[in-house]
Amino acid sequence: MDKLRFYVAMAAAKLSAVGLRLLGRNASYLPGLIAVTICKNFIGHLQKPETLICVTGTNGKTTTSNLLNTVLTNSGEKVTNNSFGSNVQGGVAAALLLNSTFTGKPKNRIAVLEVDERSSLLVYPFMAPDYLICNNIMRDSIKRNAHTDFISYIINSAVPETTKVILNADDIIGAQLCPQCEKKVFFGVDALPPAKTEGMTARDIVYCPKCGGKLEAEYLRYNHIGRWRCADCGFASPARDYVVTDVDKAAGTFTVAHGEERHSFKLVNDNIVNVFNFCGAIALLREMGVPYETIETAFQDTELVKTRYDHIEAGKLHITRILAKGQNPVAVSRTFSYTAKCPGDKKCLLLIIDDKEDNIHNVESTCWLYDLDYTPLKDPTIDCMIFAGKRCKDHVLRAAMSGVDLSKIVTTDEVKNCSALVDTQKYQDIYLLFENYWLDEALAEEKLLVARGESGT
Amino acid sequence: MTIEVLFAEVCNLCGDAQNAAYLKQTLPDAEVIDTSLPDRPFFADHTPDMIYMGNMSERIQRRVVETLRPYRDRLQELIDGGTVMLFTGNAWEVLTKHISYVTEKIELDGLGLLDLTVKTDWFDRYNGKVLGRCGDIDVIGFRSQFSMVHGDNSQCAFLKVERGIGVNPESKYEGVRVNNLFGTAVLGPILPNNPLFTEYLISLTGTQAQAAFREQAMAAYEQRLKEFRDPKTEF
């Protein structure tokens with residue numbers, strides 16, 4: 001009966017995909033949702049690709065998945081993936097079914113699937129990943145993710161013990177995931193240890209998870225990412241199997257050490273969060289047996305996806321657009337910090353970081369703004385900040401509480417045409433920070449700025 | 001003025017750390033005592049003007065209950081004596097009689113200072129907003145929680161709810177107020193989001209103060225109040 005249900009689900013899902021494509025719509029989620037609605041165990045019934053890789057964690061899933069796809073595709077594989085779709089159960093099911101025959105046989109040998117942490121219990125019990133990489137576990141959307149204990153519990157409850165897990169050794173919360181798994185590989189970054197602990201409004205771990213004693217930080221990069229030790233019981237951040245030993249920003253390279261081996265790669269982006277992502281991806285690929293040379297070559301051709309980061313020169317204007325994932329205080333804090341260090345001694349920031357859906361016939365919870373670190377906005381190179389969106393008054397209050405000079409702040413309730421507030425005669429270094437769901441609007445504002453740059457107005 | 005902030009290193013989920021920060025900015029001359037979990041609380045031997053504790057994970061909540069258990073009678077004495085206390089998110093649940101952690105299958109007696117019980121379920125999360133009145137002040141807030149409080153708080157509620165739910169979906173009474181103890185499920189920035197309530201809370205200590213960044217805080221508060229009262233706004 002269940003098998004019959006599976007075939008009905010497969011037929012309905014494939015038909016819906018055809019229909020969606022005929023309508024010019026994206027078929028990366030709805031077919032999967034239809035399939036798992038008709039047959040709860042739909043993913044379980046599908047034959048899985050020979051190698052199943054899952055990517056999870058609070059931040060860095062998409063970047064890591066894209067890197068893995070790029071390297072594996074460059075090596076000649078056809079890779080099943082959900083990089084243009086949803087990372088919840090429906091998206092995972094859609095990616096697998098659209099790359100399967102009608103009988104459920106996989107078309108590709110390898111799948112790289114980004115899996116939202118909250119979907120773990122709906123995904124892993126139905127498919128055992130061969131490899132699971134988790135970049136980090138930290139506070140995220142308050143509404144969905146609650147806190148790191150909850151997310152760790154979900155992942156630990158769902159991941160099968162046969163999976164080889166690739167974990168961030170410098171994330172003492174994430175490093176403890178999956179105690180049931182024997183096969184563990186740790187990665188981290190030893191290069192560029194911070195001279196001081198960066199300011200952050202809150203951290204997700206303070207006490208030893210083993211004995212409850214106070215953890216002592218050797219150093220911290222941001223939030224709880226760094227190296228820790230418990231003075232009471234000796235518990236400490238695990239040793240790294242793969243470690244970034246050098247980041248040469250001038251040469252645009254970074255070096256990864258594994259045992260006695262040292263290999264250099266193109267530094268695709270110098271944001272520290274991405275250096276972690278790169279190292280994690282390399283660790284996983286090496287564990288799969290992908291040769292270093294293949295990885296190095298693929299990195300040469302890799303860029304961050306334009307939807308997440310782009311830089312355009314338009315006349316005198318230098319326009320940089322950077323994703324700032326809304327309701328995710330750590331991600332946006334990192335974007336603020338990164339932007340403060342970016343080129344330009346008189347920068348103008350256009351910030352579109354409110355939640356889009358939550359402000360339609362609703363009022364976005366602003367709790368996350370109070371975990372967000374606004375202090376990088378005090379950087380003297382930032383001369384103007386334009387907060388666009390319904391919560392602009394809340395941003396002003398939070399900025400005031402963080403000591404930001406309010407005379408530098410301009411606000412508008414409207415996102416549409418907010419770039420008109422940028423004084424392009426005064427500012428040449430313009431940074432457009434945007435929430436994921438505002439991508440189309442951010443691209444439209446970017447286009448307006450480019451036109452003004454090219455025309456010199 | 002002495003303000004004791006309890007366990008800020010761990011009771012800081014959902015932006016709650018910024019309530020204490022806002023109090024410090026509103027009362028720059030106040031002595032703020034940060035008590036960590038291993039420390040003996042300041043209130044054990046002294047009478048602070050105000051005690052604040054914020055939202056936390058369930059694991060930390062259990063540790064906080066055990067940390068405060070030896071001081072249960074002293075807390076009762078301070079509540080009876082009118083010390084101002086503000087416990088936000090799930091912090092005030094430690095004062096109840098009993099907490100059931102359904103997912104983790106753990107039963108725990110609370111401090112028993114409030115005749116209420118708590119049920120916490122990791123697979124039943126509530127996200128919402130609340131608009132209610134504390135005296136003649138409109139208080140607005142956001143809620144995200146795994147727990148619901150049960151029992152009759154109608155005679156000792158923090159807020160009479162105008163929109164949203166009370167301590168549970170069947171209740172229209174949110175939180176508790178016992179003398180100057182305020183317990184509320186409202187999260188994170190309850191103080192900066194409610195400058196009038198902040199000023200009222202401080203006035204209960206016998207000090208008059210204008211909320212920090214009052215102009216900016218009032219502008220955000222008035223806009224949100226208007227939005228919360230808009231019938232189109234979903235709760």
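In chain A, 28 Å separate the centres of domain 1 and domain 2, taken over C-alpha atoms. Please bear in mind that this is a predicted model, in which local features need pLDDT of at least 70, side-chain atom pairs count only at pLDDT 80 or more, and totals for chains, interfaces and linings use all residues. Residues are numbered from 1 along each chain as its sequence is written, while chains are lettered from A and ligands numbered from 1 in the order in which they are written.

On confidence, the predictor gives the complex an ipTM of 0.96 and a pTM of 0.94. Chain B averages a pLDDT (the predictor's confidence in each residue, from 0 to 100) of 97, and 100% of the residues score at least 70.

Back to chain A: its domain assignment gives domain 1 (2-300) and domain 2 (309-455), with bounds from an automatic or database domain assignment. Here 18 residues of domain 1 are in contact (C-beta atoms, placed from the backbone, within 7 Å) with 16 residues of domain 2. The domain 1 side of chain A that touches domain 2 has 6 nonpolar, 8 polar and 4 charged residues. In these classes Ala, Val, Leu, Ile, Met, Phe, Trp, Tyr, Cys and Pro are nonpolar, Asp, Glu, Lys and Arg are charged, and the others, Gly among them, are polar.

The largest nonpolar core has 213 residues, and those with the most contacts inside it include Ala35(A), Leu350(A), Ile352(A) and Tyr52(B). Such a core is a set of buried Ala, Val, Leu, Ile, Met, Phe, Trp, Tyr and Cys residues joined through C-beta atoms within 7 Å. Helix α9 (residues 272-288) of chain A gives the largest share of this core, 11 residues. Domain 1 and domain 2 of chain A both give residues to this core, so it lies between them. Beyond four places in sequence, Ile352(A) touches residues including Ala388(A), Val415(A), Phe434(A) and Trp438(A).

Now for the meeting of the chains, where the contact takes 37 residues from chain B and 26 residues from chain A. On the chain B side, the largest share, 8 residues, comes from α6(B). By class, that side of chain B has 17 nonpolar, 11 polar and 9 charged residues.

Helix α12 (residues 392-401) of chain A has 10 of its 10 residues buried. Buried means that 20 or more other C-beta atoms lie within 10 Å of a residue's own, exposed means 12 or fewer, and partly exposed is in between, with C-beta atoms placed from the backbone. Helices (H or I, at least four residues) and strands (E, at least two) are DSSP runs, numbered from the N terminus. The buried residues of α12(A) pack against β15 (382-388) and β16 (409-412) of chain A, together with α1, α4 (190-193) and α6 of chain B. After α12(A) comes Gly403(A), whose phi is positive, near 85°.

Two other residues of chain A are worth a visit. Lys14(A) lies in helix α1 (residues 2-22) and is partly exposed, with 19 other C-beta atoms within 10 Å. Ala231(A) lies in the loop between β8 (225-230) and β9 (242-248), and counts as exposed because it has 11 C-beta neighbours inside 10 Å.

| Pair | Apart in sequence | Apart in space, C-alpha to C-alpha |
|---|---|---|
| Lys14(A) and Phe102(A) | 88 residues | 8.3 Å |
| Ala231(A) and Lys214(A) | 17 residues | 7.2 Å |

Terms used:
Two residues are in contact if their C-beta atoms, placed from the backbone, lie within 7 Å.
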